[in-house]
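The sequence and structure come next.

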Amino acid sequence: MSGSQQSGEGSGSQGEDWRNIADQTERRKIQNRLAQRKYREKEKRKREDDVRIAENQQAAGSAYAAPNARDLAPNANPVGLPWGSVSIKHVLEAGKAKEQRVQQASREGSAAPAYTRRTTQG
C-alpha cells in the first residue's frame, strides 16, 4: 500500500485509512472492519462494566446490616454503667424504626413530582 493509505489518524494498523482508496468495495470493507472492531470493543467494555457494577452492588448490599433487637439473647444482661443504662434492645428497635421511616420517606420523595404548583381558585 502507498504511504498515503497508511497515514490514518489514530489507525494503528496498515491499510485502515480508507480516505484515499478509490475502489468503493475495498473502502467499504475497511470501514466495516473498523466499525466491527469498535463495536466489539464497546460491547466488551459494557460487559466488564456490568460485571463490575453487579459485584459492587453485591458487596455493598452485604457490607452493613443493622442488628435486630430480636437477635439478642432473651436473658442477655449487657454490661453497662453500675447504676443502669439504656436498654440496648430499645436502642436497636428505635434505630431500626427510624431507618425504615427514612427509607419510606426516600421512596415517597422519589415518586413525588419535583415541583407542585399551588393555585387558588376563587
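## A pair within helix α1

D50 and K46 both belong to helix α1, which covers residues 24–61. They are 4 residues apart, about one turn of the helix. Helices here are DSSP runs of H or I with at least four residues, strands are runs of E with at least two, and both are numbered from the N terminus. The side chains of D50 and K46 meet in a salt bridge, with 3.5 Å from N to O. A salt bridge is counted when a side-chain nitrogen of Lys or Arg lies within 4 Å of a carboxyl oxygen of Asp or Glu.

D50 is partly exposed, with a relative accessible area of 42%, and K46 is partly exposed as well, at 48%. Buried stands for under 20% relative accessible area, exposed for over 50%, and partly exposed for what lies in between, using a 1.4 Å probe and protein chains only.

## Basis of the model

The model is predicted: local features need pLDDT of at least 70 and side-chain atom pairs count only at pLDDT 80 or more, while totals for chains, interfaces and linings use all residues. Residues are numbered from 1 along each chain as its sequence is written, and side-chain values use heavy atoms, with hydrogens and water left out.

## Another pair in helix α1

D49 and R52 also form a salt bridge, and their closest N and O atoms are 3.2 Å apart. These residues are 3 positions apart in helix α1, so about one helical turn separates D49 from R52. D49 has a relative accessible area of 36% and is partly exposed; R52 is partly exposed at 42%.

## The pair D17 and R19

R19 forms a salt bridge with D17, where the closest N and O atoms are 2.8 Å apart. In total, the count comes to 3 salt bridges.

## The protein as a whole

The protein has 2 helices and 0 strands. Of its 122 residues, 7% count as buried. The protein exposes about 11,100 Å², and carbon and sulfur atoms supply 50% of this area. Accessible areas come from the Shrake-Rupley method with a 1.4 Å probe; for residues, only the protein chains shown count as cover.

Among contacts with a separation of 6 or more, 16% come from residues 24 or more positions apart. A contact means heavy atoms within 4.5 Å.
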